[in-house]
Amino acid sequence: MAFKLKKFSVDRFNNDVNSSIDPEDKYSKWSGYRQSVKGFIAKAAKNINSRGRAAVFGAGALNDVDLNFLCSAFSEVVLSDVDEKSMLDGIARQKLGKSLESRIKTLQIDYSGAEKEGFFRSIEDLADKSVSAEKIAEYIAEALPDLKPQTEAIGELGTFDLIVSCPVYTQIVFSQIESFLRILHDCRRYEYDELNVILNAAYRSMPAVIEKYNDLLIENAEEDSVIVLITDIAEISGADSKLKYIRELVDGQEKKSVQIEKFISENGLELAQTGCEDLESKTVVLDSMYEMWPFNDNKEYLCILMACQRRGR
């Protein structure tokens, strides 16, 4: 098979993911989950200036965000994601009136900076030259920690009274790298074991990327504003016998938080745990809760929602 990536890009990858399941179907099926997220945000933001500004990072197709609530509560709502098309489609899907929709601004931003730095183009060039997997792994180990988020665009907008971060930790760069490596495998450029060497190098370098994303959240928050983090933290297959058990734990989480934490420690997504721990170390946590995210017919995610404030400067 000839080696051809056809200009692999982060925004195109994310748009493919956001469109992989009918967005209209997602919007309908995630209604209960969206209401739970709305309730948590409303509770966390109850003391925030109602004429203030809100931002949503990782907005995607907006199927987990209630725009009517945010636009009614804040004078300006800035939505940001690398996939601008999905954001615009998501706004239209929620059928806001003109007065509320006029409060929205969209901003295309790559939180990792991989696109701007030509990260994937460099890997493509290395693969095209048939360099060893070890050399590609070395490049990734050096390049990933040096990537910088596209802070200029969002920095120009100033700070926000509320920042909502939709699931990003498990998607930022690493999922694109996994997809990229599958392409290399399909093109028979590298064997499975060689690709695993590359993937492990990427995985070990991911904490630096995630920590910079957290820093971006904090830098754009006022001292008395609230950051609401939403992240998937464990994946459960629809066929897994544990699914019913986890749902029961979440329903009774006030008394069963120890069991949930034990499940996460044994089965959780490490990158999400790394992100949560880093954000907790840099902020004051005000509140948290667990929720089940009915992602599709084949799997659900255990999510954690966490409200926090930046520490005094």
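**Exercise 1. Is D146 buried or exposed, and what is its relative accessible area?**

*Solution.* Start with the ground rules. This is a predicted model in which local features need pLDDT of at least 70 and side-chain atom pairs count only at pLDDT 80 or more, while totals for chains, interfaces and linings use all residues. Residues are numbered from 1 along each chain as its sequence is written, and side-chain values use heavy atoms, with hydrogens and water left out.

Step 1: recall the scale. Buried means under 20% relative accessible area, exposed over 50%, and partly exposed in between (1.4 Å probe, protein chains only).

Step 2: apply it. D146 has a relative accessible area of 56%, so D146 is exposed.

Step 3: find its place. D146 sits in the loop between α8 and α9 (151–155). Helices here are DSSP runs of H or I with at least four residues, strands are runs of E with at least two, and both are numbered from the N terminus.

**Exercise 2. Which residues gather in the patch of negative charge, and which element gives the most?**

*Solution.* Step 1: list the members. They are E117, E134, E138, E142, D146, E191, D193 and E194, on the surface. Such a patch takes residues with over 30% relative accessible area and no salt bridge, joining like charges within 9 Å.

Step 1: look at the elements. Two or more residues come from each of α8 (133–143) and α11 (192–219). With 3 residues, α8 gives the most.

**Exercise 3. Which residues of helix α12 are buried, and where do they lie around the axis?**

*Solution.* Step 1: in α12 (residues 242–251), the buried residues are L243, I246, L249 and V250.

Step 1: they cover an arc of only 120 degrees around the axis, which puts them on the same side of α12. The arc is that of the directions from the helix axis to the C-beta atoms.

Step 2: The face away from the buried side carries the exposed residues K244 and D251.

**Exercise 4. Which residue forms a salt bridge with R93, and how many residues apart are the two in sequence?**

*Solution.* Step 1: the partner is E24, with the closest N and O atoms 3.5 Å apart. A salt bridge needs a side-chain nitrogen of Lys or Arg within 4 Å of a carboxyl oxygen of Asp or Glu.

Step 1: R93 lies in α5 (residues 84–93) and E24 in α2 (residues 23–29), so the pair ties together parts that are 69 residues apart in sequence.

Step 2: R93 counts as buried at 10% relative accessibility, whereas E24 is partly exposed at 47%.

How values were computed:
Patches are made of residues with over 30% relative accessible area and no salt bridge: like charges are joined within 9 Å, nonpolar side chains (Val, Leu, Ile, Met, Phe, Trp, Tyr) within 5 Å. Accessible areas come from the Shrake-Rupley method with a 1.4 Å probe; for residues, only the protein chains shown count as cover. Lys and Arg count as positive and Asp and Glu as negative; His and the chain ends are not counted. The place of a charge is taken as NZ of Lys, CZ of Arg, CG of Asp or CD of Glu.
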